[in-house]
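I am opening a notebook on this structure and will write down what I look up, one entry at a time. The sequence and the model come before the entries.

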Amino acid sequence: MTPFIVLLVLVVLTILMTVKVVPQQSAYILERLGKFYAVLQPGVNFIIPFFDRIAYKYTLKEAAVDIPEQICITRDNVQVRMDGVIFIQVIDPRKAAYGISDYTFAVIQLAQTTMRSEIGKLDLDKTFEERMTINRAVVESIDEAATGWGVKVLRYEIKNITPPQSVLNAMEKQMQAERERRAVILQSDGEKQAAINVAEGQKQKVVLESEGIRLRQINEAEGEAAALKSVAEATAESIRLVAQAIREDGGSEAVQLKVAENYVEQFGKLAKAGNTLILPANLADMGSLIATALTVIKSEPKK
């Protein structure tokens, strides 16, 4: 019974050593007698016990690797502390196994040296603005070197840029001065716009007042012209009626009577106004009286 159990255990162990199950998104490097033989793909794989062995196991998933914080010197000789994270992926397991001993360590070192080199090309103020340029330069540099490592560098991101405290204080003062300058500019712009609005309002007021005066003068002139026209039309109508009345029967006698009345009235006014009085030579002569009255009427001062 004991030999049977021993044999069964040996068979089970042999089967377990023969069958290798590779998980999804993984790759195993198989060596036969110490030499590379094959890359085992995900699924069930069969190997020869005691002759084959799994030398390396790699995941083909994208991996994030932290880049430790380091001190970099900018072009204007300012020391800044920087760290980041890099995303890599194994695309050739054979090269990753035999192209380099530790591709993760190599990627970290190359990322740090490249970052120091790129920061040295920029002033401190530009390091905050050129993050994308630095990230792209690091990716291109590492990706070119990692081709023989079977590793693909997907992207690199700077996490923190920490200048010295003295520089931070100076930057804070600069930002405060910039905010004050913008506030002064905004205030002056507001005062300028207010002055422009007041001047524009005064201008419009003067224009409207002058327009009102002009319209009033035009209306007054038109009113006076209309009044004069009405008076002239009334005078012309009265003259026309008088002339028409004269042509009728008894019109001439009525005119003579009216002239005589005016004659007497005008002589009364002359007597009040001065000491000089003009009298006809023959008061009994009515024709002479009327002629004299007409002369007086024509010589009456106009008001």
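In which helix is the place of Tyr98? I looked through the predicted model and found Tyr98 in helix H2.

**Entry on the whole protein.** I then stepped back to the protein, which has eight helices and eight strands. Of its 303 residues, 25% count as buried. When I took the contacts between residues at least 6 apart in sequence, 63% of them turned out to join residues at least 24 apart.

**Entry on the sheet.** In what order do the strands of the open three-stranded sheet stand? I read the order as S6-S7-S8, and the pairing is antiparallel. S6 and S8 are the edge strands and each has a single partner, so one side of each is left without a neighbour in the sheet. Neighbouring strands here are turned against each other by 25 degrees on average, with direction ignored. Looking at one pair in detail, I noted that S6 and S7 are joined in the antiparallel sense over nine bridges, and that Ile67 has Gly84 in S7 as its bridge partner.

**Entry on the helices against the sheet.** I followed H3 and saw that this helix lies across S6, S7 and S8, at about 35 degrees to S6. H5 packs on the sheet as well, where this helix touches S7 and S8, and the direction of H5 makes about 145 degrees with that of S8.

**Entry on the cores.** How many residues does the largest nonpolar core have? I found 37, and those with the most contacts inside this core are Val80, Met82, Ile86, Ile88, Tyr103 and Tyr156. Each of several elements supplies at least two residues of this core, among them strands S2 (26-32), S6 (63-73), S7 (79-90) and S8 (151-162), together with helices H2 (93-98), H3 (103-119) and H5 (131-145). H3 gives the most, with seven residues. The core draws at least three residues from each of domain 1 (12-59) and domain 2 (62-163). I also noted a second, separate core of five residues, which includes Tyr28, Leu30, Leu40 and Ile47. Going back to Val80, I listed what this residue touches beyond four places in sequence: Gln70, Ile71, Cys72, Thr74, Ile119, Leu124, Ile161, Thr162 and Pro163.

**Entry on Asn45.** Is Asn45 buried or exposed? With a relative accessible area of 15%, Asn45 is buried, because buried means under 20%. This residue has its place in strand S4, residues 43-46. A polar atom of the Asn45 side chain lies 3.2 Å from the backbone oxygen of Gly43. Again not counting residues up to four places away in sequence, I found that Asn45 touches Thr18, Val19, Lys20, Val22 and Leu40. Leu40 is a name I had already written down, as one of the residues in the second core.

Methods: Residues numbered from 1 in each chain as written. Predicted model: local features only at pLDDT ≥ 70, side-chain atom pairs only at ≥ 80, totals over all residues. Heavy atoms only, no water. Core = buried A, V, L, I, M, F, W, Y, C linked by side-chain atoms within 4.5 Å. Buried < 20%, exposed > 50% of the residue type's maximum accessible area, 1.4 Å probe, protein only. Helix = DSSP H or I, 4+ residues; strand = E, 2+ residues; numbered from the N terminus. Domains from an automatic or database assignment. Contact = heavy atoms within 4.5 Å. Pairing = 2+ DSSP bridges. Axes fitted to C-alpha atoms, helices over the stretch in contact; angles between N-to-C directions. Polar contact = N/O pair within 3.5 Å; in protein donor to acceptor, adjacent residues only side chain to side chain.
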